[in-house]
Amino acid sequence: MAAEHRLLALKAFDGTKAGVKGLVDAGVTAVPSIFHHQPDHRHRHFTVPVIDLSSMSSRRPALVAQVKAAAETVGFFQVVNHGVPEEAMSAMLAAVKSFNDQPVEAKAPYYTRDRGRRVRYQSNVDLFTSPAAQWRDTLFMEMPAEPQELPAACRGVAPEYAGLVQQRLGRTLLELFSEALGLRRGYMEEEQGCLEGVSVAGHYYPACPEPHLTLGTISHSDTTFFTVLLQDAIGGLQVLVEDDEDRKQSAWADVPPAAGALVVNVGDFLQLMSNDRFKSVEHRVVANTVGPRVSVACFFRTPGAASSTRVLAPIVPDGDGARYRSTTMEELIRQHYRVKGLHGTSPLDHFRL
Ligand code: OGA
Ligand code: NI
């Protein structure tokens with residue numbers, strides 16, 4: 001498709017403010033070409049570790065070892081008995097679904113690409129820069145948000161859920177990450193401020209008539225310290241399991257929904273700060289004829305990260321060399337959008353020494 005036709009199609013789609021759900025509600029039976037991706041069906045079975053966080057105090061060294069092993073390899077793990085009540089999880093998923101299920105008129109006031117707004121509903125944050133659009137709509141909420149900024153469907157639920165994830169699970173994870181890096185338990189929280197901010201992205205993946213032609217979320221790594229993801233029972237999240245010997249042998253492995261579990265993954269900030277000991281791994285979401293699928297990501301990063309001059313620097317044990325130059329959150333996030341969608345490139349490459 002010629003570039004100007006594509007741009008017109010993107011603008012027309014964006015102008016509806018109705019997202020992908022709007023297309024599905026209008027009865028599309030074919031995926032429009034702006035959503036077409038190069039297929040990548042490399043698939044492999046791999047079990048992302050499940051870590052049980054109950055009885056923390058008696059099993060601490062074993063838990064640190066499990067977190068360390070996962071963070072150093074696949075970069076993903078699931079947690080159970082994590083302290084976030086199941087009612088809060090199901091209420092959060094239901095709130096995202098009910099926001100999206102409203103008529104366009106109710107959602108349109110929140111539809112914006114203005115990054116200055118803390119609450120943004122949009123289809124495809126990178127609609128105009130990514131090579132192909134994704135079969136997904138997102139309600140992004142940067143916390144803390146004023147109650148009146150939040151749509152009614154999420155007003156009570158989202159801040160409560162984000163607070164529980166931050167205080168009950170986020171703090172624990174940061175302690176375990178700190179210890180896994182050989183640092184004092186409170187280091188990442190107290191010295192590095194990794195618990196200071198959380199943003200919530202409520203994703204809505206409508207059923208797709210031709211799932212093999214598109215993707216729900218394109219391959220990416222997260223520009224966060226770490227991410228905690230809640231997914232419903234439908235599935236579709238996949239992580240790239242790398243083959244160290246031969247990158248061409250890398251393949252996508254499913255991260256299957258597990259009742260009551262939350263998915264945790266290392267983000268780019270932590271890979272840089274850990275001087276490559278922890279891995280921020282590419283992941284994606286495939287589209288599905290079944291839907292909608294709902295997921296909720298809690299992104300741990302400083303509020304206003306996209307314009308933050310906060311410095312990220314490798315924490316290097318004595319005797320080791322730094323693998324990265326220091327940078328700022330803003331610079332790393334800008335680089336993320338520059339390379340997003342280019343296969344095999346990480347935004348971190350740009351800062352590598
Ligand atoms: C993300 C993400 C996965 C999902 O929001 O960064 O990877 O399952 N989401 O929605
Ligand atoms: Ni992600």
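**View 1. Residues lining the largest cavity of the predicted model.** The lining is made up of Trp135, Tyr205, Pro206, Gly216, Gly235, Val285, Val286, Ala287, Asn288, Val290 and Arg293, and sorted by class these residues comprise seven nonpolar, three polar and one charged. The space that lies in this largest cavity amounts to about 70 Å³, and a search of the whole structure finds one cavity of 30 Å³ or more.

**View 2. The nickel ion (ligand 2) and its protein donors.** Along the chain the donors follow the spacing H-x1-D-x60-H. Asp222 sits in the loop between strand E6 (215-220) and strand E7 (226-231), whereas His283 belongs to strand E11 (residues 283-286), so that this pair, 61 residues apart, links distant parts of the chain. Asp222 counts as buried because its relative accessibility of 6% is under the 20% limit, and His283, with a relative accessible area of 7%, is buried as well.

**View 3. Helix H3 (residues 60-72) and its buried face.** The 13 residues of H3 should span 18 Å at 1.5 Å a residue, and this agrees with its end C-alpha atoms, which are 18 Å apart. Within H3, the buried residues are Arg60, Leu63, Val64, Val67, Ala70 and Ala71. Seen down the helix axis, the buried residues of H3 fall within an arc of 135 degrees, and therefore they line one face of the helix. An α-helix has 3.6 residues a turn, so residues three or four places apart point the same way.

Notes. Residues are numbered from 1 along each chain as its sequence is written. Chains are lettered from A and ligands numbered from 1 in the order in which they are written. This is a predicted model: local features need pLDDT of at least 70, side-chain atom pairs count only at pLDDT 80 or more; totals for chains, interfaces and linings use all residues. Side-chain values use heavy atoms; hydrogens and water are left out. Donors are N, O and S atoms within 2.8 Å of the metal (3.2 Å for Na, K and Ca); water is not among the atoms, so sites may look incomplete. Helices (H or I, at least four residues) and strands (E, at least two) are DSSP runs, numbered from the N terminus. Buried means under 20% relative accessible area, exposed over 50%, partly exposed in between (1.4 Å probe, protein chains only). On a 1 Å grid over the protein atoms alone, a cavity is a set of points where a 1.4 Å probe fits but cannot get out, and a pocket is an open set with protein on both sides within 12 Å along at least five of seven lines; lining residues have an atom within 4 Å of a point. Grid points are joined across faces, edges and corners, and a volume is the space filled by probe spheres set on the points. Ala, Val, Leu, Ile, Met, Phe, Trp, Tyr, Cys and Pro count as nonpolar, Asp, Glu, Lys and Arg as charged, and the others, Gly among them, as polar. The expected span of a helix is 1.5 Å times one less than its number of residues. The arc is that of the directions from the helix axis to the C-beta atoms.
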